[in-house]
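Here is a friendly briefing to read alongside the model. Please keep the structure open as you go.

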Amino acid sequence: MRSFIFNEVMKLRRQTLIKMAEMYENNQLEDEIDKLPKIMLPGPEGKYRGSVYHEREVLKNRIKNYLGLDYDKTKDKELYELTPFLDEILSGKSDLKSEKFVQVIKEACDSCPSGRYYVTDLCRNCVAHSCMNACPKNAISFENGRAVIDTEKCIGCGLCSKSCSYFAIVKLERPCERACSVNAVIKDEDNSAKINEEKCVNCGNCYISCPFGAVETPSYLMNVLYSLKNFKNNIAIFAPAIVSQFGPKVSIGQIKDALKKAGFDNAYEVAIGADIVAQEEAELLDNTEELVTTSCCPAFVEYINKHQHKYIKNISPAPSPMIALAKKVKEENKDSNIIFIGPCIAKKSEAYNSNYIDYVITFEELGALLIAKNIEPTDFENEDIEGSYDAWNFAASGGVTKAVENRMKKENITTLKMNGLEEGKQIFKDLEKENINLLEGMACFGGCISGPGVLINPRVANNGLKKIKTLDKI
């Protein structure tokens with residue numbers, strides 16, 4: 001399960017989203033949005049960077065992302081230039097809206113050096129000089145009592161680092177590049193990070209790993225607020241990973257009631273869709289000897305589509321729980337606007353390519369929405385909740401497999417689970433050697449509770465899932 005530390009990048013994002021939502025609720029957004037960078041970063045000194053003006057420029061472009069806009073289309077536009085088109089933007093009709101779900105803000109990127117080996121102060125100028133003798137290109141010499149690497153000669157083989165008894169030689173990698181298991185983070189002509197769309201699966205690992213806040217995802221929070229204010233029949237559907245997101249004392253039933261008080265006409269548990277999918281995949285496995293790979297995680301499905309072409313035919317034809325429930329709701333409410341609430345960036349891409357979901361917001365964005373509307377979930381009723389215990393555990397790695405097995409008639413099937421994209425290469429090598437019936441794939445290590453849009457430490461959410469025994473306890 002991923003390490004979760006609430007940091008300054010996350011804090012500024014949440015504070016800005018809250019402020020934007022409050023401005024919109026108070027009918028101030030059009031008049032005040034161009035002042036927002038200065039409101040959030042008053043100066044006179046920079047809080048995070050050398051210059052407060054640089055900070056404001058970065059935040060200005062992040063705000064455009066929070067309006068759901070494309071960085072490349074709007075990077076040369078000032079916020080005041082967008083205000084005449086704000087109604088068009090918030091209604092989702094603007095040509096400037098983003099069709100990319102992970103973007104790099106160049107002004108924020110530190111252009112981190114990458115792939116080079118450096119000698120640290122741990123170097124002891126030992127007698128062995130193993131690093132120098134291990135180097136095949138004679139790139140290491142000793143000056144003033146410590147090793148020095150000639151970057152012109154260095155080929156990045158890492159033999160010096162492996163040979164050092166004091167671990168004094170380290171490889172410096174970009175955090176975003178290191179976090180990307182599919183090598184989709186590359187460099188542009190200015191040495192800034194860039195996303196290779198042909199490889200990217202929208203998992204969001206680069207988004208949560210960048211310590212400069214340079215990687216962002218378009219937010220649809222403002223579109224949702226616009227829809228709540230201007231249209232009827234807005235329906236929220238929320239992912240099983242919502243367990244414990246608003247604290248251990250807030251029940252899922254209270255969140256459901258809070259969503260209705262926030263303006264949604266109804267709210268449904270995506271666990272209902274998970275039950276549908278588990279049954280469909282169980283029936284599929286009962287009637288085939290072929291490998292089936294799960295379809296609930298869109299980043300995993302994209303991983304197969306882009307990186308494991310041989311197995312495209314094995315992807316389960318069952319929709320994801322989000323789509324399964326949205327389809328059911330749309331059939332019963334044809335003119336409804338369906339908003340999915342979950343922890344996932346890849347769901348934004350999945351929704352964009354579907355006919356059932358209008359907008360996707362993360363738990364982070366839902367938190368901003370509730371704060372802007374002065375809604376405290378603990379104040380509300382504990383509504384009844386639907387979905388089986390197995391369905392709610394779709395949120396954690398291994399949960400899908402368990403739910404499918406519990407519904408199958410066939411016994412003793414062989415299963416494999418890919419717990420995070422970093423396991424991908426090895427898992428698919430294992431498929432070549434073993435006869436597997438079901439491969440469960442989760443792009444996030446630990447499952448959806450470790451998604452990029454969560455509010456709390458995934459371990460807390462995992463404990464919350466373990467406490468779900470009967471429906472009256474969730």
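This is a predicted model: local features need pLDDT of at least 70, side-chain atom pairs count only at pLDDT 80 or more; totals for chains, interfaces and linings use all residues.

Residues are numbered from 1 along each chain as its sequence is written, and side-chain values use heavy atoms, with hydrogens and water left out.

**The sheet**

- An open sheet is built from 4 strands in the order β10-β9-β12-β13, with parallel pairing; strands pair if DSSP finds at least two bridges between them.
- At the edges sit β10 (266-269) and β13 (359-362), each pairing on one side only.
- From one strand to the next, the twist averages 25°; axes are lines fitted to C-alpha atoms, for helices over the stretch in contact, and angles run from 0 to 180 degrees between N-to-C directions.
- Strands β9 (residues 234-238) and β12 (residues 337-342) pair in the parallel sense over 5 bridges, and isoleucine 235 has isoleucine 338 in β12 as its bridge partner.
- Helices (H or I, at least four residues) and strands (E, at least two) are DSSP runs, numbered from the N terminus.

**Helices around the sheet**

- Helix α12 (residues 221-230) lies across β9, β12 and β13 and runs at about 120° to β13.
- Helix α18 (residues 363-372) packs on the sheet, touching β12 and β13 (contact means heavy atoms within 4.5 Å), and its direction makes about 85° with that of β13.
- Helix α13 (residues 252-261) is largely enclosed by the rest of the structure, because 8 of its 10 residues are buried (under 20% relative accessible area, with a 1.4 Å probe and protein chains only).
- Among the buried residues of α13 are Ile252, Lys256, Asp257 and Leu259.
- The buried residues of α13 pack against β9, β10, β12, α18 and α19 (389-392).

**Cavities**

- The whole structure holds 5 cavities of 30 Å³ or more; on a 1 Å grid over the protein atoms alone, a cavity is a set of points where a 1.4 Å probe fits but cannot get out, and lining residues have an atom within 4 Å of a point.
- Grid points are joined across faces, edges and corners, and a volume is the space filled by probe spheres set on the points.
- The largest cavity has a volume of about 320 Å³, and of its 27 lining residues Cys296, Cys297, Cys344, Lys347 and Cys448 lie nearest its centre.
- The second largest cavity has a volume of about 100 Å³, and of its 15 lining residues the closest to its centre are Cys135, Ala139, Cys154, Cys157 and Cys160.

Notes: On a 1 Å grid over the protein atoms alone, a cavity is a set of points where a 1.4 Å probe fits but cannot get out, and a pocket is an open set with protein on both sides within 12 Å along at least five of seven lines; lining residues have an atom within 4 Å of a point. Buried means under 20% relative accessible area, exposed over 50%, partly exposed in between (1.4 Å probe, protein chains only).
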